[in-house]
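Hi,

Here is the structure I promised to pass on.

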Amino acid sequence: MTQKNENLMDKIVSLAKRRGFVFPGSEIYGGLANTWDYGPVGVELKNNIKQAWWKFFVKNREDIVGLDAAILMNSRVWETSGHVAGFNDALVDCKACKARIRADHLIEDALDVKAEGMSTEDMTKLIKENNIKCPVCAKMDFTEARKFGLMFKTFQGVTEEDSNIIYLRPETAQAMFVNFKNVLNSTHKKIPFGIAQIGKSFRNEITPGNFIFRTVEFEQMELEYFIDEKDWEKFFDYWQNEMTEWLEYIGIKKENYSIREHDQDELSHYSKKTVDFEYDFPFGTKELYGLAYRTNFDLMSHQNSSGQNMEYFDAENNRKYIPHVIEPSFGVDRTFLAAMVDAYTEEEAPTANGKTDTRVVMKFNKNIAPVKVAILPLSKKENLSKYAKEVFDMLKTEFACQYDESQSIGKRYRRQDEIGTPYCVTVDFESLEDDAVTVRDRDTMKQERVKIGELVEWLKEAF
Ligand code: GAP
């Protein structure tokens with residue numbers, strides 16, 4: 001990480017806390033590793049991302065329907081999907097300082113090789129042969145690499161017996177496969193069609209997470225698109241394109257992400273082709289989203305394991321088959337982080353006393369900005385507050401608004417810039433005379449006088 005980028009991440013984490021985007025989880029008790037809490041502004045941004053995704057991928061289309069399934073599922077789901085046996089990371093322990101580290105990350109950070117998917121024996125050998133040091137204490141004394149399951153286990157019922165073990169889901173996808181027939185029978189959809197879901201997933205990640213990039217509890221927005229096998233390449237390209245359009249829709253700059261195809265030895269057990277959308281985070285170029293061709297692995301496995309028929313009947317061609325699946329998979333938290341990094345801007349700007357200083361502006365796309373309009377009375381004088389509150393009441397049903405009358409107007413503008421509010425509406429003493437307000441644009445800082453009666457329309461046009 002370059003010094004500039006290191007500072008950028010520090011600045012974003014600090015702004016996130018200062019302005020109520022994201023707080024460290026359980027902070028007053030010293031925190032809990034890889035957990036974060038979304039604050040008053042953060043929850044709005046997160047909700048906007050989820051709503052925009054739902055609109056883009058579900059509401060605006062005829063071929064996708066939604067699902068909101070239980071997080072806890074019968075353990076046989078995870079045995080069948082391959083997660084119980086195969087969803088694990090190879091870890092090493094530093095014998096000197098007791099740090100537990102992902103072996104593939106240790107190797108990749110020290111050597112220019114791809115270590116994901118390598119056997120534990122090969123990883124142990126590479127670490128020894130190259131004298132790789134512990135990133136925490138700089139000693140070279142590791143245990144052999146061993147596999148650790150990534151799923152969180154708990155027990156259902158009163159006894160903590162193996163037969164009562166259940167798992168917190170590590171992906172939302174399986175609920176879409178398990179409910180394939182329920183959705184098909186209740187909607188009478190024809191292939192190609194998709195099932196979409198937004199919800200929490202859990203993974204026992206032990207490596208430091210780089211803020212909200214890798215957490216133990218996170219949200220996914222996933223889409224399982226059911227197709228005839230012969231069409232998989234066509235639909236793979238189609239969904240890659242849709243994912244690119246989505247990034248444009250939420251304003252992520254093209255130059256900040258790229259698409260990388262997985263090598264054969266990197267592919268998950270269920271996938272024939274996968275691409276990652278990788279974002280240039282300040283701590284490196286890392287996976288933002290995944291797009292996978294899952295074949296019919298999941299439906300076939302669930303059919304074999306449950307004994308329930310998962311076939312689709314193609315009436316036109318009088319043919320039964322188990323559909324194949326293209327899966328675009330998105331992390332809510334990673335979208336949030338990419339949006340924060342993309343939006344963070346520092347600019348020289350004039351101050352009230354005629355000097356200049358640096359203003360920090362979160363230039364979020366207006367689609368996802370947490371607050372759309374701030375209403376700011378110039379002073380706290382009663383008649384002005386009353387008028388400004390009436391403006392707030394008028395606008396709040398149309399836009400996500402914030403009313404703020406504490407501290408100087410300059411400070412309030414800067415606060416709104418830091419949470420990325422596209423428009424500030426200032427109510428001054430003249431407003432009482434001419435029934436007009438000043439609207440300030442976040443990006444250009446240009447101010448325009450707008451009549452109260454025209455304000456809603458003016459703002460609607462601006463968004
Ligand atoms: N159903 C396929 C699946 O779960 P994945 O690549 O493991 O594939 C999909 O996860 C997306 O979920 C990732 O691209 C990322 O955006 C998000 N994600 C995965 N693990 C995460 C974690 N520990 N913290 C935050 N987001 C995560």
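This is a predicted model: local features need pLDDT of at least 70, side-chain atom pairs count only at pLDDT 80 or more; totals for chains, interfaces and linings use all residues.

Residues are numbered from 1 along each chain as its sequence is written, and side-chain values use heavy atoms, with hydrogens and water left out.

The ligand first. As for polar contacts (pairs of N or O atoms within 3.5 Å), a side-chain N or O atom of E222 sits 2.4 Å from a ligand nitrogen, and one of E205 is 3.0 Å from a ligand nitrogen. E287 has a polar side-chain atom 2.5 Å from a ligand oxygen. The protein covers 90% of the 550 Å² of accessible area that the ligand has on its own (Shrake-Rupley, 1.4 Å probe). Strands here are DSSP runs of E, at least two residues, and helices are runs of H or I, at least four, numbered from the N terminus.

Next, helix α6 (residues 120-129). T120, M123, T124, L126 and I127 are buried (under 20% relative accessible area; exposed is over 50%, partly exposed in between, with a 1.4 Å probe and protein chains only). Seen down the axis, these buried residues fall within an arc of 165 degrees, so they line one face of α6; the arc is taken from the directions from the helix axis to the C-beta atoms. They pack against β5 (88-93), α5 (103-110) and β7 (146-149), with contact meaning heavy atoms within 4.5 Å. On the other side, E121, K125, K128 and E129 are exposed.

Finally, the backbone. Most residues other than glycine have a negative phi, and most peptide bonds are trans. The I191 to P192 bond is cis, with omega near 10 degrees, and P192 is in the loop between α8 (180-187) and β10 (193-202). N318 has a positive phi of about 50 degrees and is exposed, at 62% relative accessible area. D435 also has a positive phi of about 50 degrees, but is partly exposed, at 42%.

Cheers

Terms used: A polar contact is a pair of N or O atoms within 3.5 Å; within protein, one must be able to donate a hydrogen and the other to accept it, and residues adjacent in sequence count only if both atoms are side-chain atoms.
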